[in-house]
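Please walk through the model shown below, taking the disulfides, the pockets and the aromatic pairs in turn.

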Amino acid sequence: MRRGPARRIWAVIAATAALVLAVPSPAAAGDTHIYSHGWETSLGRVYEGMSQVRPNTAVTNQPSDGCGDYFSGSPLYQTMWYHVAGGTDEDFFELGTGHQCNDTKRYYYWGLNNSHGQWIPLGEINGVTNGSTDHTFVIKKAYNGFSGWTVYWKIDGTTEDTYGANSSISNDLDVGLESYCSTCRMSGYYIHNLQYLQGGTWHPWAGRDGEQVNKPTMCGEWYFVDSRWAGETGNGIC
Amino acid sequence: MTTSRRPLILLFSLLAAIAIVIGVGVKNRPALAATNACINAIPHAAEYGRIDGVIRAENDSVDVVARWQEARVAQSLSYQSPLRAMSPKSTLTVCLFSGQFVTPTAPLPDGSVAPPHSALRLVVSDTGLVTLDSAGYLGRMQPETPQDWLGSMSAT
């Protein structure tokens, strides 16, 4: 091997080593990964859309990382998942609120998981405000006749994004809280007016079909058939 | 980063760098340039979690990267990549990293916790702009790069 290329190899190796050593990683990046969520599945493959109403809730004790990029640092995601039937179990559309950087970076986001389980972000809106004000989040598919199917992501009645889509609708609607932060605390918040869309008409969830809560760090429980509590309170109580 | 992890991370990254550089061939300057771009993006990638190494590095045109992005969701959406807003003369680098990341996942079908993503893919422009392409699991990021996708298209 000639001396020139060998020097380049060692330069790359040295650069890699220097960068890896110099770059601090979040101390618990990915080590904590917990949920509080509940789902609606009892009617099978009929759900053309889903809707929830909830506030954007403050986070305390969150590390000051993830201050630049979305989906980074030690995030909490208040979110919902519209699982698409007919694909793999990993196909879904998502719409939520992200909290990062000691809860100074707050944003709405939406995206999808393709059939290989790859999360693909589609859009974000920065500058979300925490508080008691309720917001309405909708993911829905609509058949437009000649144009075929369209998927919509809507927040407070505003269509934030829309794409032409295939005809697959959901058999599994899911709402909740996802956390990558063991020190974070989020008071219990009320998710209500849970609805599904069928035949172009909205209906309340009716099943309390299932829930999973990583207690005691997370809390969560059904309040009524179409409402539930979720949070990261540290004691399993919302 | 805990002290105990650094030697392992350093060793893995060194092995990955050696494998990538030797694998692409020392005379393959474009591949080396792509690798360098991805290595330079490691501090950015580390915002998303723990980086274990650079798995793939590839330079492509804006058009090829955009078409590859669009093809990956074509089964679900009629989607136009936002990269099409860039100058078609730009060169983009697609970087695939291994590690553990804090990108959004969804609960598994039985309601249990999904594992954190183990693969992160960034797109780096020739002006240094870094954007998140996707995240997922090692071994399930196909087509991992635009050239992989083009190769699969020509094979069918």
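**Disulfides, pockets and aromatic pairs**

B:Cys38 and B:Cys95 are joined by a disulfide, with their sulfur atoms 2.0 Å apart; a disulfide is a pair of cysteine sulfur atoms within 2.5 Å. B:Cys38 lies in helix 2 (residues 29-40) of chain B and B:Cys95 in strand 3 (residues 91-101) of chain B, so the bond ties together parts that are 57 residues apart in sequence. Helices (H or I, at least four residues) and strands (E, at least two) are DSSP runs, numbered from the N terminus. The torsion about the S-S bond of B:Cys38 and B:Cys95 is about -90 degrees, so this disulfide is left-handed. Both B:Cys38 and B:Cys95 are buried, where buried means under 20% relative accessible area, exposed over 50%, and partly exposed in between (1.4 Å probe, protein chains only).

This is a predicted model, in which local features need pLDDT of at least 70 and side-chain atom pairs count only at pLDDT 80 or more, while totals for chains, interfaces and linings use all residues. Residues are numbered from 1 along each chain as its sequence is written, chains are lettered from A and ligands numbered from 1 in the order in which they are written, and side-chain values use heavy atoms, with hydrogens and water left out.

Over all chains the structure holds four disulfides. Those of chain A follow the pattern 1-2, 3-4, 5-6, with bonded cysteines counted along the chain. A:Cys67 is in the loop between strand 2 (49-54) and strand 3 (76-84) of chain A, and A:Cys101 is in the loop between strand 4 (92-100) and strand 5 (105-113) of chain A, so the pair ties together parts that are 34 residues apart in sequence. This link of A:Cys67 and A:Cys101 is right-handed, with 85 degrees about the S-S bond. A:Cys67 counts as partly exposed, at 40% relative accessibility, whereas A:Cys101 counts as buried, at 10%. Another disulfide joins A:Cys181 to A:Cys184, S to S 2.0 Å. Its torsion about the S-S bond is about 90 degrees, so the disulfide of A:Cys181 and A:Cys184 is right-handed. A:Cys181 and A:Cys184 are both buried.

The pockets come next. A pocket is found on a 1 Å grid over the protein atoms alone, as an open set of points where a 1.4 Å probe fits, with protein on both sides within 12 Å along at least five of seven lines; lining residues have an atom within 4 Å of a point. Grid points are joined across faces, edges and corners, and a volume is the space filled by probe spheres set on the points.

The largest pocket has a volume of about 440 Å³. It is lined by 24 residues, of which A:Pro121, B:Pro82, B:Thr131, B:Leu132 and B:Asp133 are the closest to its centre. Two or more lining residues come from each of strand 6 (119-126) of chain A and helix 4 (62-72), strand 4 (117-125) and strand 5 (130-136) of chain B. Strand 6 of chain A gives the most, with five residues. The lining of the largest pocket has 16 nonpolar, four polar and four charged residues; Ala, Val, Leu, Ile, Met, Phe, Trp, Tyr, Cys and Pro count as nonpolar, Asp, Glu, Lys and Arg as charged, and the others, Gly among them, as polar.

The second largest pocket holds about 200 Å³ of space. Of its 14 lining residues, A:His116, B:Ala71, B:Arg72, B:Gln142 and B:Pro143 are the closest to the centre. Helix 4 and helix 5 (146-155) of chain B each supply at least two residues of this lining.

Helix 4 of chain B is largely enclosed by the rest of the structure, because eight of its 11 residues are buried. Its buried residues pack against strand 6 of chain A together with strand 1 (49-61), strand 3, strand 4, strand 5 and helix 5 of chain B, where contact means heavy atoms within 4.5 Å.

Rings of Phe, Tyr and Trp (its six-membered ring) pair if their centres lie within 6.5 Å; planes under 30 degrees apart count as stacked, over 60 as edge-to-face and the rest as tilted. A:Tyr108 and A:Phe137 have ring centres 5.6 Å apart and planes at 70 degrees, so the pair is edge-to-face.
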